[in-house]
Amino acid sequence: LSSCSGLTHESHRKDVEQVYLRCSEGSIEWMYPTGALIVNLRPNISPASYKHLTVCIKPFKDSAGANIYLEKTGELKLLVRDGDRSPSRVYCFGYDQGGLFVEATPQQDISRKITGFQYELMSKGIAADLHTASAPCRPCSDTEVLLAVCTSDFVIRGSIQNVTNEAEEQESIIHVGVNKLYRQKSKVFQLTGESGNWRGQIKTLLECGVKPGDGDFLFTGRMHFGEARLGCAPRFKDFQRMYKEAKDKGLNPCEIGPD
(Lines give C-alpha, C1' and ligand atoms only; values in the text may rest on other atoms or scores of the structure.)
Protein backbone atom coordinates (compact mmCIF):
# COMPACT_ATOMS: atom_id res chain seq x y z
CA LEU A 1 0.00 0.00 0.00
CA SER A 2 1.17 3.50 -0.74
CA SER A 3 0.94 6.53 1.49
CA CYS A 4 0.33 10.19 0.84
CA SER A 5 -0.83 13.37 2.46
CA GLY A 6 -1.60 16.98 1.85
CA LEU A 7 -4.83 16.90 -0.12
CA THR A 8 -6.39 20.31 0.29
CA HIS A 9 -10.02 20.71 -0.68
CA GLU A 10 -11.58 24.13 -1.07
CA SER A 11 -15.27 24.69 -1.72
CA HIS A 12 -17.36 27.83 -1.72
CA ARG A 13 -20.64 26.32 -2.93
CA LYS A 14 -23.35 24.69 -0.89
CA ASP A 15 -23.20 21.27 -2.49
CA VAL A 16 -21.95 17.73 -1.97
CA GLU A 17 -18.62 16.84 -3.52
CA GLN A 18 -16.89 13.49 -3.85
CA VAL A 19 -13.22 12.94 -3.08
CA TYR A 20 -11.41 9.69 -3.93
CA LEU A 21 -8.22 8.73 -2.09
CA ARG A 22 -6.04 5.85 -3.27
CA CYS A 23 -3.54 5.94 -0.41
CA SER A 24 -3.45 3.84 2.73
CA GLU A 25 -2.62 6.84 4.91
CA GLY A 26 -2.66 10.57 4.61
CA SER A 27 -4.63 13.63 5.59
CA ILE A 28 -7.46 15.84 4.40
CA GLU A 29 -7.68 19.58 4.93
CA TRP A 30 -10.95 21.28 3.95
CA MET A 31 -10.65 25.07 3.99
CA TYR A 32 -13.70 27.29 4.52
CA PRO A 33 -16.13 24.33 4.55
CA THR A 34 -19.58 24.79 3.06
CA GLY A 35 -21.95 22.06 1.90
CA ALA A 36 -20.63 18.52 2.34
CA LEU A 37 -17.80 16.24 1.33
CA ILE A 38 -18.02 12.49 0.69
CA VAL A 39 -14.60 10.89 1.26
CA ASN A 40 -14.14 7.62 -0.64
CA LEU A 41 -11.12 5.58 0.48
CA ARG A 42 -10.11 3.30 -2.40
CA PRO A 43 -6.69 1.81 -1.65
CA ASN A 44 -4.75 0.14 -4.44
CA ILE A 45 -5.51 -3.39 -3.30
CA SER A 46 -7.98 -6.04 -4.39
CA PRO A 47 -11.58 -5.09 -3.43
CA ALA A 48 -11.85 -8.59 -1.96
CA SER A 49 -9.41 -7.46 0.76
CA TYR A 50 -11.51 -4.44 1.79
CA LYS A 51 -13.45 -6.44 4.38
CA HIS A 52 -10.20 -7.09 6.26
CA LEU A 53 -9.44 -3.36 6.66
CA THR A 54 -9.97 -0.98 9.56
CA VAL A 55 -10.13 2.78 9.01
CA CYS A 56 -8.88 5.15 11.73
CA ILE A 57 -9.15 8.94 11.67
CA LYS A 58 -7.54 11.48 13.97
CA PRO A 59 -8.90 15.06 13.73
CA PHE A 60 -6.41 17.91 13.71
CA LYS A 61 -6.23 19.65 17.07
CA ASP A 62 -7.72 22.88 15.70
CA SER A 63 -10.17 21.26 13.26
CA ALA A 64 -13.45 23.20 13.11
CA GLY A 65 -16.38 23.98 10.87
CA ALA A 66 -17.87 20.56 10.13
CA ASN A 67 -19.29 17.37 11.61
CA ILE A 68 -17.80 14.05 10.50
CA TYR A 69 -20.18 11.12 10.02
CA LEU A 70 -19.93 7.45 9.13
CA GLU A 71 -22.33 6.96 6.22
CA LYS A 72 -23.78 3.72 4.88
CA THR A 73 -26.72 3.49 2.46
CA GLY A 74 -27.97 6.91 3.45
CA GLU A 75 -27.79 6.40 7.22
CA LEU A 76 -25.50 8.75 9.17
CA LYS A 77 -23.71 7.97 12.44
CA LEU A 78 -21.95 10.92 14.08
CA LEU A 79 -18.22 10.28 14.60
CA VAL A 80 -16.79 13.72 15.39
CA ARG A 81 -18.94 16.66 16.42
CA ASP A 82 -17.81 20.13 15.34
CA GLY A 83 -15.99 21.74 18.25
CA ASP A 84 -15.19 18.45 20.00
CA ARG A 85 -11.84 19.10 21.62
CA SER A 86 -10.89 15.59 22.71
CA PRO A 87 -7.10 15.75 22.35
CA SER A 88 -5.50 13.02 20.25
CA ARG A 89 -8.79 11.12 20.03
CA VAL A 90 -8.72 8.40 17.38
CA TYR A 91 -11.92 7.04 15.81
CA CYS A 92 -11.81 3.61 14.17
CA PHE A 93 -14.33 1.54 12.23
CA GLY A 94 -14.39 -1.39 9.84
CA TYR A 95 -14.00 -0.44 6.18
CA ASP A 96 -17.25 -2.30 5.42
CA GLN A 97 -19.17 -0.24 8.03
CA GLY A 98 -19.41 2.71 5.65
CA GLY A 99 -17.63 5.78 4.30
CA LEU A 100 -16.93 9.27 5.60
CA PHE A 101 -19.45 12.09 5.16
CA VAL A 102 -18.13 15.50 6.23
CA GLU A 103 -20.85 18.16 6.54
CA ALA A 104 -20.14 21.82 7.14
CA THR A 105 -21.99 23.40 10.06
CA PRO A 106 -23.70 26.78 9.67
CA GLN A 107 -21.21 29.56 10.38
CA GLN A 108 -21.46 33.32 10.74
CA ASP A 109 -17.89 33.60 9.53
CA ILE A 110 -16.29 30.66 7.70
CA SER A 111 -13.11 32.51 6.78
CA ARG A 112 -11.21 31.14 9.75
CA LYS A 113 -12.56 27.59 9.72
CA ILE A 114 -10.51 24.62 8.53
CA THR A 115 -11.71 21.04 8.97
CA GLY A 116 -8.99 18.42 8.81
CA PHE A 117 -7.98 14.96 9.91
CA GLN A 118 -5.37 12.28 9.38
CA TYR A 119 -6.47 8.83 8.29
CA GLU A 120 -4.93 5.37 8.25
CA LEU A 121 -6.04 2.10 6.69
CA MET A 122 -4.72 -1.05 8.32
CA SER A 123 -5.50 -4.72 8.62
CA LYS A 124 -8.00 -5.60 11.33
CA GLY A 125 -5.36 -7.68 13.12
CA ILE A 126 -3.00 -4.71 13.49
CA ALA A 127 -5.87 -2.45 14.56
CA ALA A 128 -6.84 -4.98 17.24
CA ASP A 129 -3.25 -4.86 18.55
CA LEU A 130 -3.50 -1.07 18.91
CA HIS A 131 -7.03 -0.89 20.29
CA THR A 132 -7.45 -4.02 22.36
CA ALA A 133 -10.07 -2.98 24.89
CA SER A 134 -10.18 -6.22 26.86
CA ALA A 135 -6.69 -6.21 28.39
CA PRO A 136 -4.47 -3.45 26.95
CA CYS A 137 -1.94 -3.70 29.79
CA ARG A 138 -1.73 -7.50 29.97
CA PRO A 139 1.84 -8.87 29.78
CA CYS A 140 2.57 -10.74 26.55
CA SER A 141 3.08 -14.50 26.52
CA ASP A 142 6.36 -15.95 25.25
CA THR A 143 4.75 -16.75 21.89
CA GLU A 144 3.35 -13.21 21.57
CA VAL A 145 6.77 -11.69 22.32
CA LEU A 146 8.54 -13.84 19.73
CA LEU A 147 5.91 -12.98 17.12
CA ALA A 148 6.12 -9.26 18.01
CA VAL A 149 9.85 -9.35 17.30
CA CYS A 150 9.05 -10.47 13.74
CA THR A 151 6.09 -8.24 12.96
CA SER A 152 6.54 -4.98 14.91
CA ASP A 153 7.37 -1.64 13.31
CA PHE A 154 10.15 -1.15 15.84
CA VAL A 155 12.23 -3.52 17.97
CA ILE A 156 14.83 -2.10 20.35
CA ARG A 157 16.78 -3.00 23.45
CA GLY A 158 16.73 -0.08 25.86
CA SER A 159 16.05 1.35 29.28
CA ILE A 160 13.38 3.64 30.66
CA GLN A 161 14.96 7.04 31.31
CA ASN A 162 11.76 8.75 32.40
CA VAL A 163 7.96 8.53 32.14
CA THR A 164 5.75 11.57 31.50
CA ASN A 165 2.06 11.15 32.27
CA GLU A 166 -0.50 13.15 30.31
CA ALA A 167 -3.73 12.97 32.31
CA GLU A 168 -5.79 14.94 29.79
CA GLU A 169 -4.92 12.55 26.97
CA GLN A 170 -4.91 9.49 29.26
CA GLU A 171 -1.48 8.51 27.96
CA SER A 172 2.03 7.96 29.25
CA ILE A 173 5.15 8.88 27.28
CA ILE A 174 8.07 6.53 27.91
CA HIS A 175 11.42 8.22 27.30
CA VAL A 176 13.72 5.43 26.16
CA GLY A 177 17.50 5.24 26.03
CA VAL A 178 18.42 2.83 23.23
CA ASN A 179 21.20 0.29 23.70
CA LYS A 180 20.58 -1.64 20.49
CA LEU A 181 18.32 -0.83 17.55
CA TYR A 182 17.13 -3.99 15.80
CA ARG A 183 14.52 -2.39 13.55
CA GLN A 184 12.46 0.77 13.08
CA LYS A 185 10.12 1.75 10.25
CA SER A 186 10.16 5.47 10.98
CA LYS A 187 12.97 7.50 12.51
CA VAL A 188 11.42 7.71 15.97
CA PHE A 189 14.68 6.72 17.65
CA GLN A 190 17.56 9.02 16.75
CA LEU A 191 21.06 9.97 17.79
CA THR A 192 20.98 12.94 20.14
CA GLY A 193 23.59 15.21 21.63
CA GLU A 194 27.35 15.07 21.53
CA SER A 195 27.42 11.84 23.51
CA GLY A 196 26.02 9.99 20.50
CA ASN A 197 23.29 8.25 22.47
CA TRP A 198 20.13 7.02 20.78
CA ARG A 199 16.87 8.31 22.26
CA GLY A 200 13.18 8.05 21.49
CA GLN A 201 9.65 8.17 22.89
CA ILE A 202 7.01 5.46 23.04
CA LYS A 203 3.38 6.10 24.00
CA THR A 204 1.08 3.79 25.94
CA LEU A 205 -2.12 4.05 27.97
CA LEU A 206 -1.96 5.90 31.29
CA GLU A 207 -3.92 3.09 32.95
CA CYS A 208 -1.00 0.70 32.36
CA GLY A 209 0.92 2.56 35.08
CA VAL A 210 4.39 2.43 33.50
CA LYS A 211 7.09 3.56 35.92
CA PRO A 212 10.81 4.21 35.45
CA GLY A 213 12.79 1.11 36.37
CA ASP A 214 16.28 -0.32 36.29
CA GLY A 215 17.53 -2.73 33.69
CA ASP A 216 16.99 -3.26 29.98
CA PHE A 217 13.75 -4.13 28.20
CA LEU A 218 12.97 -5.32 24.71
CA PHE A 219 10.54 -2.69 23.40
CA THR A 220 8.33 -3.62 20.46
CA GLY A 221 5.33 -1.89 18.95
CA ARG A 222 3.72 -0.18 15.98
CA MET A 223 3.63 3.25 14.41
CA HIS A 224 0.22 4.91 14.59
CA PHE A 225 -0.36 8.43 13.22
CA GLY A 226 3.37 9.09 13.33
CA GLU A 227 3.78 7.97 16.95
CA ALA A 228 5.39 4.86 18.38
CA ARG A 229 2.81 2.84 20.33
CA LEU A 230 4.00 0.22 22.82
CA GLY A 231 3.36 -3.46 22.13
CA CYS A 232 5.15 -6.23 24.03
CA ALA A 233 7.97 -5.08 26.33
CA PRO A 234 9.49 -7.90 28.40
CA ARG A 235 12.64 -7.48 30.44
CA PHE A 236 15.55 -8.18 28.13
CA LYS A 237 16.86 -11.10 30.20
CA ASP A 238 13.41 -12.73 29.97
CA PHE A 239 13.41 -12.23 26.20
CA GLN A 240 16.87 -13.80 25.95
CA ARG A 241 15.61 -16.86 27.82
CA MET A 242 12.48 -17.33 25.69
CA TYR A 243 14.38 -16.67 22.46
CA LYS A 244 17.08 -19.24 23.32
CA GLU A 245 14.48 -21.85 24.32
CA ALA A 246 12.58 -21.37 21.06
CA LYS A 247 15.76 -21.38 18.98
CA ASP A 248 17.00 -24.59 20.60
CA LYS A 249 13.69 -26.24 19.64
CA GLY A 250 13.68 -24.67 16.17
CA LEU A 251 10.44 -22.85 17.02
CA ASN A 252 11.49 -19.20 16.84
CA PRO A 253 9.37 -17.57 14.08
CA CYS A 254 12.23 -15.36 12.88
CA GLU A 255 15.90 -14.62 13.55
CA ILE A 256 17.05 -11.50 15.32
CA GLY A 257 20.62 -10.18 15.31
CA PRO A 258 23.12 -11.03 18.04
CA ASP A 259 22.72 -9.43 21.48
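Predicted model: local features only at pLDDT ≥ 70, side-chain atom pairs only at ≥ 80, totals over all residues.

Visitor: Okay, what's the strand order in the open sheet of 5 strands?

Guide: The order runs β2-β4-β9-β6-β7, and the pairing is mixed.

Visitor: Which strands stand at the edges?

Guide: Those are β2 (16–21) and β7 (75–80). Each has a single partner strand, so one side of each lacks a neighbour in the sheet.

Visitor: And what does the twist average?

Guide: From one strand to the next, the average is 30°.

Visitor: How do β6 and β9 run, parallel or antiparallel?

Guide: Antiparallel: strand β6 (residues 66–72) is joined to strand β9 (residues 99–104) by 6 bridges. If you want a spot to look at, Glu71 sits opposite Gly99 in β9.

Visitor: Switching to β15. How many of its residues are buried?

Guide: 8 of the 8, across residues 217–224, so the strand is largely enclosed by the rest of the structure. Buried here means under 20% relative accessible area.

Visitor: What does β15 pair with?

Guide: Strand β11 (residues 154–166) pairs with β15 in the antiparallel sense over 5 bridges, with Gly158 opposite Phe217. Strand β16 (residues 227–230) is also antiparallel to β15, joined by 4 bridges, and there Arg222 faces Arg229.

Visitor: Which residue has a positive phi in the β15 and β16 hairpin?

Guide: Phe225, with phi near 50°; the hairpin has 2 residues between the strands.

Visitor: Back to Arg229, what does its side chain contact?

Guide: The side chain of Glu171 makes a polar contact with the Arg229 side chain at 2.6 Å. Glu171 belongs to strand β12 (residues 171–184).

Visitor: Is that Glu171 buried or exposed?

Guide: Buried, because its relative accessibility is 8% and the cut-off is under 20%. Leaving aside residues up to four places away in sequence, Glu171 touches several others, including Lys203, Leu205 and Leu206 as well as Arg229.

Visitor: New topic: where is Ala246 found?

Guide: In helix α3, residues 236–248. Ala246 is buried too, with a relative accessible area of 8%.

Visitor: What does Ala246 touch?

Guide: Not counting residues up to four places away in sequence, Ala246 touches Leu146, Leu251 and Asn252.

Visitor: And how far apart are Ala246 and Thr143?

Guide: They're 103 residues apart in sequence, and 9.1 Å apart in space, C-alpha to C-alpha.

Notes:
Residues numbered from 1 in each chain as written. Heavy atoms only, no water. Buried < 20%, exposed > 50% of the residue type's maximum accessible area, 1.4 Å probe, protein only. Polar contact = N/O pair within 3.5 Å; in protein donor to acceptor, adjacent residues only side chain to side chain. Contact = heavy atoms within 4.5 Å. Pairing = 2+ DSSP bridges. Axes fitted to C-alpha atoms, helices over the stretch in contact; angles between N-to-C directions.
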